Amino acid sequence: MSSSRITRNTVMRQLAAMACQSFEVGVLRPNGRMLLREWTAEQIGDALSWLRRENARGAHIYIRPYGAHALGLVDDLSADSPRLPG
């Protein structure tokens, strides 16, 4: 299976798991410019090749539920990150 197909399957499964109608997609380019869009899961799927190219050029890609939601999203953790109590 190609890496683009693996990426598409992984992204679409994660979007489905969030069960949201729309998502905020952010592309933070190395020059500090941020592009923000509201897209559906289908629109994100259609734009994956563009998002991959942006990422390969050094941009950070953010996809999170649009508007108010009950999800807690965490980014940039490693095995060495401290654990939260509880």
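Start by selecting Trp 50. Trp 50 is partly exposed, at a relative accessible area of 29%. Here buried means under 20% relative accessible area, exposed over 50%, and partly exposed in between, with a 1.4 Å probe and protein chains only.

A word on the model before moving on. This is a predicted model, where local features need pLDDT of at least 70 and side-chain atom pairs count only at pLDDT 80 or more, while totals for chains, interfaces and linings use all residues. Residues are numbered from 1 along each chain as its sequence is written, and side-chain values use heavy atoms, leaving out hydrogens and water.

**The aromatic pair**

The structure holds one aromatic pair. The ring centres of Trp 39 and Trp 50 lie 6.4 Å apart with the planes at 65°, so the pair is edge-to-face. Rings of Phe, Tyr and Trp (its six-membered ring) pair if their centres lie within 6.5 Å; planes under 30 degrees apart count as stacked, over 60 as edge-to-face and the rest as tilted. Trp 39 sits in strand β2 (residues 34-39) and Trp 50 in helix α3 (residues 48-56), 11 residues apart. Helices (H or I, at least four residues) and strands (E, at least two) are DSSP runs, numbered from the N terminus. Is Trp 39 buried or exposed? Trp 39 is buried, with a relative accessible area of 17%.

**The sheet**

Now show the strands. Three of them form an open sheet in the order β2-β1-β3, with antiparallel pairing. Two strands pair if DSSP finds at least two bridges between them. β2 and β3 (60-65) are the edge strands, and each pairs on one side only.

Zoom in on β1 (residues 23-28). β1 pairs with β2 in the antiparallel sense over six bridges. Select Val 27: opposite stands Leu 35 in β2. Then follow the hairpin of β1 and β2, which has five residues between the strands. Stop at Gly 32 in the turn, where phi is positive at about 90°.

**Back to the helix**

Select α3 again. Helix α3 lies across β1, β2 and β3. Finish at Glu 54, also in helix α3. Glu 54 is buried, with a relative accessible area of 6%. Which residues does Glu 54 touch, not counting residues up to four places away in sequence? They are Val 27, Arg 29, Ala 59 and Ile 61; contact means heavy atoms within 4.5 Å.

Terms used: Axes are lines fitted to C-alpha atoms, for helices over the stretch in contact, and angles run from 0 to 180 degrees between N-to-C directions.
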